[in-house]
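Open the model in your viewer and keep the selection panel at hand. This tour goes stop by stop.

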Amino acid sequence: MSESRTVASLLLAAVAGLALFPFASDEFYLELFTHFMVLGIFAMSLDLLIGYTGLVSFGHAAFFGLAGYLLAIITPESEAMSLWVSLPVCLAGVALAALVIGWFSVRTSGIYFIMITLAFAQMTFYYFNENVALGGSDGMFIFTKPTVGIGGFEIIDLGDPTTVYYAVLASLVACYLLLSMVLRAPFGRVIKAIRVNEHRTRALGYDTRRYKLAAFVIAGTMAGFAGYLEAVSTGIVSPGHLSWHQSGLVLILVILGGMGTLYGPVLGAFALGLLHDQVQDVTVHWQLVQGIFVILVVLFLPHGIAGLVARLARRGAALAERAREPES
Amino acid sequence: MDISLFLVLALNGIQYGFLLFLVASGLTLVFGIMGIINLAHGAFYMLGAYTVYWLVGYTDNLFVAIVLGLVIMLAFGYLLERSAISFLYKRDHLYQVLLTYGLILVLDEMQRIFWGTDFYSVPVPQILSASVPLTETQDYPVYRLFISVMCMAVAAGLYLLIGRTRLGMMIRAGASNREMAQVLGVDIGRVFAIVFSIGVALAAFSGMIGAPVSSVYPGMGEQILIVSFVVVVIGGIGSVKGAFVGAMLIGLADTFGQVLLPDFASVVVYAVMAVVLLWRPQGLFGRA
């Protein structure tokens with residue numbers, strides 16, 4: 001079995017495991033896993049930029065938080081709003097923001113790109129943090145869950161944690177498939193080429209700035225989708241969702257999991273989340289543990305967990321190959 | 001706006017600009033010479049402020065506390081470079097960002113463990129506690145002038161150190177060609193460790209000298225870090241001259257913005273940056 005097929009079957013097994021998880025879990029872990037999967041989508045969207053296009057964004061949380069705020073703003077306090085309205089509105093708003101921020105940001109590269117994305121995210125953060133009408137530093141509540149109906153019938157009840165869990169799981173799989181498709185398309189080839197050598201790609205006649213902007217908008221919108229899911233599942237949005245700690249966290253998830261793999265960042269979300277859950281019982285100084293953990297990963301595991309998995313899969317494939325050899 | 005208000009705002013803006021320059025110069029120096037992007041710079045600023053608060057408690061003298069604190073921070077910076085930063089020279093910026101981000105988390109938590117979440121104030125020393133009358137109603141505290149003078153002194157010292165000393169020569173040689181300098185017998189590892197510890201000391205010194213004005217509180221490093229990044233990006237990363245111009249621009253924009261556009265005060269700084277980058281993506285004095 002080849003390496004990629006080993007990984008594919010492992011992924012299928014993981015999805016099956018996640019699908020069965022609610023039968024074995026209490027509500028606390030169900031909601032925790034929902035949160036991990038949302039972060040997984042968020043981190044996966046950033047992987048499109050970092051791992052494939054070579055754009056290190058340090059302001060990705062802006063889109064995550066913005067979607068939540070948009071939902072909170074458009075949702076009326078007393079009556080529910082249809083998901084078919086609120087989701088497109090939120091995504092369109094985030095896509096527009098990504099277009100504007102991206103338009104400025106992709107003119108720069110390398111270290112400047114890191115900083116300008118950070119600065120834009122901070123700008124968004126301060127705007128919401130200081131706007132009293134939008135809850136200031138306390139954030140906003142989303143009082144009613146979006147309704148999902150077809151022809152007047154309620155088909156999904158987003159008030160039920162198990163339903164939300166499955167909806168998020170389905171979204172996670174859908175986002176993974178969507179991004180894989182994007183990356184297999186000609187568009188994906190071009191952005192990968194940009195990461196490897198932007199000058200050469202431009203010399204081949206591609207307007208690289210436009211491709212980078214498109215990747216930025218796709219990634220930003222998907223981060224917004226994750227933010228929408230987070231806001232729906234928790235019912236609250238705060239400036240913390242936009243903060244640079246959030247941007248830093250999602251960057252950590254991508255590296256910890258392994259960039260340039262799409263599934264790696266999801267692994268990262270689960271790994272760091274579970275570590276947090278374990279450490280929380282022992283000490284209140286989670287940040288200290290997280291900080292040391294991040295430093296150790298950077299120093300000793302630059303390809304992340306996915307790199308480790310791929311290495312093991314390669315070794316497994318080699319072993320299988322060797323086992324077959326004497327027969328031939 | 002009457003003229004005296006304008007004067008006070010301008011003075012405050014310039015003084016803030018000087019302080020920003022002091023922080024940003026360390027950041028831009030470490031990047032320009034070593035190619036390291038250091039997110040923990042703000043944490044060193046915070047650490048400086050807390051260290052001086054702690055030492056003032058023992059020595060009862062701000063100046064002695066600053067000198068002692070600088071020695072501690074220089075040693076801290078040196079050890080940090082040797083134990084962690086030195087592994088990052090050949091790696092992508094991404095890993096530098098992450099490692100120094102991890103460092104922020106660690107240092108922030110350390111600060112919380114040792115000093116808790118309270119706000120502390122450091123008293124202005126007796127001899128600098130006077131005010132200069134500007135007009136009949138407006139005063140200007142001498143300590144703020146002292147900050148500006150100290151910042152100028154440090155900037156001059158830095159200029160002399162890099163441009164006129166043997167160490168400075170080694171630093172410049174290492175910045176332009178690491179391998180060649182090494183072949184010629186310069187211990188580049190040590191030189192870079194010294195540069196990094198100078199960067200740490202610059203951030204810490206800004207925190208120390210600013211402590212009596214800004215007070216000492218958790219999260220103070222974050223705020224200054226982001227602003228000094230803006231300064232460095234505006235000026236052009238790696239350019240000390242750019243850091244100076246950027247710092248003045250941001251210092252004045254922020255001070256006047258808070259009075260003229262109070263609703264958008266915190267956004268003004270970032271808007272200035274966006275405009276500058278639109279005009280010159282590599283910053284005012286950056287190399288393309």
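**Stop 1: the chain A–chain B contact.** Keep in mind that this is a predicted model. Select both sides of the contact: 34 residues come from chain A and 31 residues from chain B. On chain A, the elements giving two or more residues to the side that touches chain B are α5, α10 (244-257) and α12 (286-300). Of these, α5(A) supplies the largest share, twelve residues. Now colour that side of chain A by class.

**Stop 2: helix α5 of chain A.** Select residues 111-130 of chain A, which form α5. This helix has 20 residues. From first C-alpha to last, α5(A) reaches 28 Å, close to the 28 Å expected at 1.5 Å a residue. Is α5(A) mostly covered or mostly open? It is mostly covered, with 16 of its 20 residues buried.

**Stop 3: its partner across the contact.** Angles over 145 degrees count as roughly antiparallel, so that is the description for α5(A) and α11(B). Their crossing is left-handed. Show side chains next. From α5(A), the contact uses A:I116, A:A119, A:Q122, A:M123, A:Y126, A:Y127 and A:E130. α11(B) answers with B:S266, B:V267, B:Y270, B:M273 and B:L277. By class, this helix contact has nine nonpolar, two polar and one charged residues.

**Stop 4: A:I292.** Move to helix α12 of chain A and pick A:I292. Is A:I292 buried or partly exposed, and why? It is partly exposed, because 15 other C-beta atoms lie within 10 Å, and a buried residue needs 20 or more. Then draw a distance to A:S247. The C-alpha atoms of A:I292 and A:S247 are 18 Å apart, and the two residues are 45 apart in sequence.

**Stop 5: a crossing within chain A.** Select α7 (residues 186-196) and α9 (residues 208-234) of chain A. Their axes come within 10 Å and cross at roughly 110°. α7(A) and α9(A) are therefore roughly perpendicular to each other. Zoom in on the meeting point. A:V190, A:I191 and A:I194 of α7(A) meet A:T208, A:Y211, A:K212 and A:A215 of α9(A). By class, the α7(A)–α9(A) contact has five nonpolar, one polar and one charged residues.

Key:
Residues are numbered from 1 along each chain as its sequence is written. Chains are lettered from A and ligands numbered from 1 in the order in which they are written. This is a predicted model: local features need pLDDT of at least 70, side-chain atom pairs count only at pLDDT 80 or more; totals for chains, interfaces and linings use all residues. Axes are lines fitted to C-alpha atoms, for helices over the stretch in contact, and angles run from 0 to 180 degrees between N-to-C directions. Helices (H or I, at least four residues) and strands (E, at least two) are DSSP runs, numbered from the N terminus. Angles under 35 degrees count as roughly parallel, over 145 as roughly antiparallel, 65 to 115 as roughly perpendicular and the rest as oblique. A crossing is left-handed if the near helix is turned anticlockwise from the far one by less than a right angle, and right-handed if clockwise. Two residues are in contact if their C-beta atoms, placed from the backbone, lie within 7 Å. Ala, Val, Leu, Ile, Met, Phe, Trp, Tyr, Cys and Pro count as nonpolar, Asp, Glu, Lys and Arg as charged, and the others, Gly among them, as polar. A residue is buried if 20 or more other C-beta atoms lie within 10 Å of its own, exposed if 12 or fewer, and partly exposed in between; C-beta atoms are placed from the backbone. The expected span of a helix is 1.5 Å times one less than its number of residues.
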